[in-house]
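This report takes up a sheet and the helices around it, then the nonpolar cores, and finally the pockets and cavities.

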Amino acid sequence: MKTMPVIRIDRTKTLAEEPGTGHNRWHPDIPPLVWCEPGDVVVLETRDAFDGQMGRHPSLDAVATANLDRLHPLTGPVYINGAEPGDLLDIEILDIESDTYGYTVQIPGFGFLRDQFPDPFKVSWNILDGWATSDDLPGVRIPGAPFMGTIGLSPGYELLAATTAREQASLDRGEFVLPPSAASAVPGNSHIAIHGLRTTPPREQGGNMDIKQLSKGAHLFIPVDVPGALFSAGDAHFAQGDCETCGTAIEMNATLHVRFQIRKGEATQKGIRYPLFTRQDYYLPPEFAAPRRFTATTGISVTRDGVDQSEDVSLAARNALLNMIDHLSGRGWTPQQAYAICSVAVDLKISQVVDVPNMLVSAFLPEDIFIGD
């Protein structure tokens with residue numbers, strides 16, 4: 001019987017203490033840890049997004065001083081025999097085994113509403129029988145649909161250079177970018193550490209996409225840019241709203257079961273440059289995937305002091321979330337509790353992008369997460 005390719009980790013150790021299990025930068029020179037054939041089932045044990053910094057009992061000082069250079073310790077890479085640039089890799093998510101503990105944190109200076117929430121905050125979750133509950137949010141019960149927040153392939157050398165250049169240009173314009181940095185980089189090889197891409201954003205080869213529909217049963221298709229594709233994953237989430245607004249979902253350790261197929265030449269033939277995904281079933285029970293009971297707030301492209309910023313969808317999304325936080329605060333939650341609830345359970349939906357000057361985004365709160373309501 002053929003041996004299943006597996007990457008095991010020791011979760012009592014950080015990635016830096018066990019560097020032979022993965023990486024926290026993207027670079028084509030990171031060597032693969034296992035090889036597989038198309039159709040093989042591959043198992044990857046993964047670490048949480050902050051690489052163990054957010055245990056069950058860290059102080060808020062630990063949250064406030066979190067080392068973002070250690071974000072997203074990924075397990076891999078996996079080399080898929082036969083995968084070549086121009087192919088499309090079919091990644092089938094077979095299963096994601098959850099841990100029993102998760103957390104949601106608000107890191108000062110990080111998150112969509114970071115200017116409104118400058119103080120550290122943490123919710124510790126107990127995960128059992130498909131649900132997450134917390135003494136920090138009494139009366140809330142979040143249904144689970146585990147998925148990998150960060151999942152993707154290595155960029156090739158040309159794309160690595162182009163990405164570095166465009167992100168540096170964004171940084172030069174004063175925009176929020178985490179540029180390459182050797183600090184806390186794994187591997188510690190100087191060339192990779194200095195030039196490897198940070199794992200914070202999604203890019204052409206996937207990465208930190210935070211797509212909650214990529215749970216068990218999904219097929220994710222990513223264009224291949226290097227021989228072997230070099231697949232890695234980590235940053236598992238037990239549950240998340242379609243916004244992850246505070247910067248974290250219900251973060252956890254997990255074990256990923258995945259299977260690969262290669263669609264030869266399809267990315268080149270069809271001009272596919274970015275990931276796409278499909279599934280044939282609900283990613284959650286229908287009453288949670290499309291909640292039967294909900295409250296929704298709206299936001300438009302107008303600042304709170306009355307300035308119209310025409311066709312600004314980000315501003316509309318911001319306003320929808322601020323209005324939802326106001327709504328939840330009116331129901332007795334503190335603003336930080338409300339912000340956390342939004343991050344793990346509220347779905348942002350673009351309601352319209354044509355009624356100029358004001359785009360409109362709606363924020364949907366599923367009422368069935370509240371026990372006893």
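Two strands are taken as paired if DSSP finds at least two bridges between them. In this predicted model, strands β22 and β23 (residues 360–366) meet that condition with five bridges, running in the antiparallel sense. Within this pairing, D347 stands opposite F364 of β23.

The pair belongs to an open sheet of three strands in the order β21-β23-β22, with antiparallel pairing. Because β21 (294–300) and β22 (347–352) each have a single partner strand, they stand at the edges, and one side of each is left without a neighbour in the sheet. On average, neighbouring strands of this sheet are turned by 30° against each other, direction ignored. Helix α6 (residues 313–330) packs on the sheet and touches β21, β22 and β23, its direction making about 135° with that of β21.

Helix α7 (residues 335–345) is largely enclosed by the rest of the structure, because nine of its eleven residues are buried. The buried residues are Q337, A338, Y339, A340, I341, C342, S343, V344 and A345. What covers them includes the strands β8 (101–106), β9 (121–128) and β11 (141–143), together with α6, β22 and β23.

**Nonpolar cores**

The largest nonpolar core has 69 residues, and those with the most contacts inside it are V78, I80, I91, I142, I151, F231 and F260. Helix α6 gives the most to this core, with eight residues. For I80, leaving aside neighbours within four places in sequence, the contacts are C36, P38, L89, G228, A229, F231, F260 and I262.

Where in the chain is A239 found? A239 sits in the loop between β17 and β18 (251–252). With a relative accessible area of 4%, A239 counts as buried, because the cut-off for that class is under 20%. Although A239 and I142 are 97 residues apart in sequence, their C-alpha atoms are 7.3 Å apart in space. Beyond neighbours within four places in sequence, A239 is in contact with I142, P143, G144, A249, I250 and V344.

**Pocket and cavities**

The structure holds four cavities of 30 Å³ or more.

| Space | Volume | Lining | Nearest its centre |
|---|---|---|---|
| Largest pocket | about 850 Å³ | 36 residues | F110, T200, P201, N208, D210 |
| Largest cavity | about 140 Å³ | 14 residues | P143, K212, Q240, L284, V344 |

The elements that give two or more residues to the lining of the largest pocket are α2 (157–172), β14 (202–203), β17 (231–237) and α6. Of these, α6 provides the largest share of that lining, three residues. In the largest cavity, β11 and α7 each supply at least two residues of the lining. P143 and V344, which are among the residues nearest the centre of this cavity, are also among the contacts of A239.

Helix α7, by comparison, is described here by its burial and by its part in the lining of the largest cavity.

Technical notes:
Residues are numbered from 1 along each chain as its sequence is written. This is a predicted model: local features need pLDDT of at least 70, side-chain atom pairs count only at pLDDT 80 or more; totals for chains, interfaces and linings use all residues. Side-chain values use heavy atoms; hydrogens and water are left out. Helices (H or I, at least four residues) and strands (E, at least two) are DSSP runs, numbered from the N terminus. Axes are lines fitted to C-alpha atoms, for helices over the stretch in contact, and angles run from 0 to 180 degrees between N-to-C directions. Contact means heavy atoms within 4.5 Å. A nonpolar core is a set of buried Ala, Val, Leu, Ile, Met, Phe, Trp, Tyr and Cys residues joined through side-chain atoms within 4.5 Å. Buried means under 20% relative accessible area, exposed over 50%, partly exposed in between (1.4 Å probe, protein chains only). On a 1 Å grid over the protein atoms alone, a cavity is a set of points where a 1.4 Å probe fits but cannot get out, and a pocket is an open set with protein on both sides within 12 Å along at least five of seven lines; lining residues have an atom within 4 Å of a point. Grid points are joined across faces, edges and corners, and a volume is the space filled by probe spheres set on the points.
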